[in-house]
Amino acid sequence: MKDLIRQRINNAVKKKFQIKDFECSLDVPDNNKFGDYSTNLAFALAKKTKKSPKEIAEAIALEMAKIKDFQKVEVAGGGFINFFINPAILEKAVGEILKAKRKYGSRAINQKNNKSKKQKTMVEFLSANPTGPMTLGNGRGGFSGDTLSNVLALSGHNIFREYYINDAGNQVKEVLSKSVKKALGIDLKIEEGEELYGGAYIEEIARKIKKEKGIEWVAKTHSRVGVLAAKIILQNLIKKDVKSFGIRYDNWLSEESLHKKGLLDKTWKILIKKNMVYEEEEAYWLKTTKYGDDKNRVIKTNEGNYTYLMGDIALLYDRFVLRKFDKVIVFVGADHHGYLGRWYAACEMLGIKKDRLVIIVMQIVRAIQSGEEVRMSKRKGTFITLREVVEDIGLDAARYFFISRDFNTHIDIDLDLAKEENNRNPVYYIQYASARMNSVLAKVRNHKRRITKHKKISNLNDQNSKYELDLIKKMLEWPGLISEIAGNFQVYKVANYAYELAGVFHRFYDNCRIIGDEREKERLLLIRASKIILESVLRVMGIEAKKKM
RNA sequence: GUCCCCGUAGUUCAACGGAUAGAACAAGAGACUCCUAAGCUCUAGAUCCAAGUUCGAUUCUUGGCGGGGACACCA
């Protein structure tokens with residue numbers, strides 16, 4: 001719909017002012033008195049043409065009013081052009097929804113003739129360290145990453161979901177090892193200031209390892225204790241939760257596997273060859289400042305070990321060069337924002353255009369309980385697991401909560417309040433709309449056994465169908481929203497849209513009698529269409545479309 | 001000290017640089033002989049401060065103030 005109008009605008013501007021290149025907005029105004037769509041193009045063109053916005057707007061409006069897609073084209077507010085869509089167009093659009101069903105809005109429908117290859121896109125999200133259960137904060141990346149993947153898939157990307165397991169570093173090989181040993185009462189040196197993982201889960205894992213391998217093995221083994229513990233955590237805690245939260249992955253990639261394949265050595269040689277490494281104070285440094293980083297980074301320590309950065313670079317090499325992804329999107333927490341510089345620099349060193357790497361930085365999630373922040377620390381064993389929260393408030397509510405917030409905003413969750421106020425979670429408002437749709441359709445099925453088959457809705461006009469029109473217009477925003485989010489990654493807009501869609505549906509439902517009304521046929525079609533859209537939206541968010549409540 | 005994010009009704013969140021700053025919850029009022037009242041309708045209530053950019057700034061720039069996070073030869 002939007003594309004269509006934009007095209008019409010371009011034609012009109014070309015005809016009237018001979019201008020091809022210009023930018024202007026095309027929005028759905030908040031207030032429907034300003035039409036179904038609105039543009040500011042007259043302001044944009046005012047400078048170029050040296051005419052007043054009003055003059056320009058009137059000329060364009062006059063031209064566009066000739067097109068029968070519009071019922072009315074108006075100039076208002078000193079130069080805005082407001083378009084009122086002809087209801088006949090809306091009738092047709094509903095037919096398209098009913099025909100396309102769950103594919104409505106996907107690229108397959110929008111661009112049938114586009115044979116260009118799908119973009120091969122990787123989304124890495126969650127990637128919680130295998131040193132403990134997933135915490136509350138992991139919910140943000142987990143659910144948003146999952147949702148973004150769904151949106152991108154719908155918009156025509158070839159999506160590959162990957163979880164990166166940090167199983168090769170100190171945290172696992174040293175800290176986790178020691179933590180397990182300590183839990184088993186094995187004597188070991190703990191340096192001052194060194195913090196180990198604690199809490200019940202460590203004890204449980206320690207017992208399990210002891211049972212499997214024997215205490216002797218644990219006592220005389222070093223890093224492999226941690227590696228084993230990480231494996232157990234990944235298997236018994238993380239993968240299990242991920243599955244029950246409805247999150248899917250195409251691949252679980254272990255950092256250790258990159259080491260074993262010799263990818264770090266290989267990437268190291270490439271960097272040496274490109275003269276990107278220098279030696280100073282017995283360590284090796286990477287010249288990341290050459291590509292915009294604020295300082296150079298150590299890449300091999302004076303003890304001869306690669307730093308974590310080397311692993312990241314090998315990972316970039318693996319994803320872009322070996323596995324040939326066109327684009328890689330990575331979700332990271334705000335505590336990693338300082339790494340962006342070196343990652344982008346590394347990309348350029350490897351000859352990878354840096355816009356192929358998209359890093360989404362999510363702000364921190366904090367938990368408040370009894371008025372105080374709960375400091376999450378796997379080491380102290382004080383943390384709130386994502387599982388606890390999901391069990392408390394339910395998966396749908398938890399998903400909605402995390403998905404519905406912009407990544408740039410900080411989230412404080414008051415746990416007491418969250419439980420108490422859970423029944424006010426917007427997700428129920430949305431699911432209630434779904435339940436109402438299903439309920440009406442079920443009733444019709446029972447009485448008449450068959451829902452009318454024809455797919456055309458007619459006789460729409462402003463007088464008798466304000467609520468119907470509002471519903472249709474909202475439905476038609478869905479395809480545009482998918483492509484918008486595929487471009488700007490603002491996943492929270494899906495959640496907002498779901499809420500708005502439910503809202504126009506509730507108002508329609510309350511104001512328009514369906515069964516027994518003279519417009520019954522039309523309204524049933526509307527319900528079927530809105531069910532298609534709402535279910536599509538909920539599917540993207542991984543939230544159940546309830547049939548009953 | 002340097003860097004990143006945030007500051008909007010009492011509270012939680014919206015608003016590609018656009019028109020009268022939207023919702024929800026909390027407060028107050030209203031409507032069911034009819035498809036689910038977890039819904040609908042109405043009332044009251046907000047842009048942290050100061051300059052700048054321009055037809056127009058919650059949005060962009062600069063400087064404050066306030067909150068959060070990051071600044072390792074750890075990961």
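## Helix 6

Helices here are DSSP runs of H or I with at least four residues, strands are E runs of at least two, and both are numbered from the N terminus.

The helix is largely enclosed by the rest of the structure, because 16 of its 17 residues are buried. Buried means that 20 or more other C-beta atoms, placed from the backbone, lie within 10 Å of the residue's own. Just after helix 6, glycine 156 takes a positive phi of about 105 degrees.

## Model and numbering

This is a predicted model: local features need pLDDT of at least 70, side-chain atom pairs count only at pLDDT 80 or more, and totals for chains, interfaces and linings use all residues. Residues are numbered from 1 along each chain as its sequence is written, while chains are lettered from A and ligands numbered from 1 in the order written.

An open sheet holds 3 strands in the order 13-12-14, with mixed pairing. Its edge strands are strand 13 (372-374) and strand 14 (411-414). Two strands pair if DSSP finds at least two bridges between them. Strand 12 (residues 365-369) runs parallel to strand 14 over 4 bridges. Alanine 367 has isoleucine 413 in strand 14 as its bridge partner.

## Around RNA strand B

Of the 60 residues around RNA strand B, Ser25, Ser38, Gly77, Gly169 and Gly338 come nearest. A residue is near the strand if its C-beta atom, placed from the backbone, lies within 6 Å. Helix 18 gives the largest share of this surface, 8 residues.

Notes: Buried ≥ 20, exposed ≤ 12 C-beta atoms within 10 Å, placed from the backbone.
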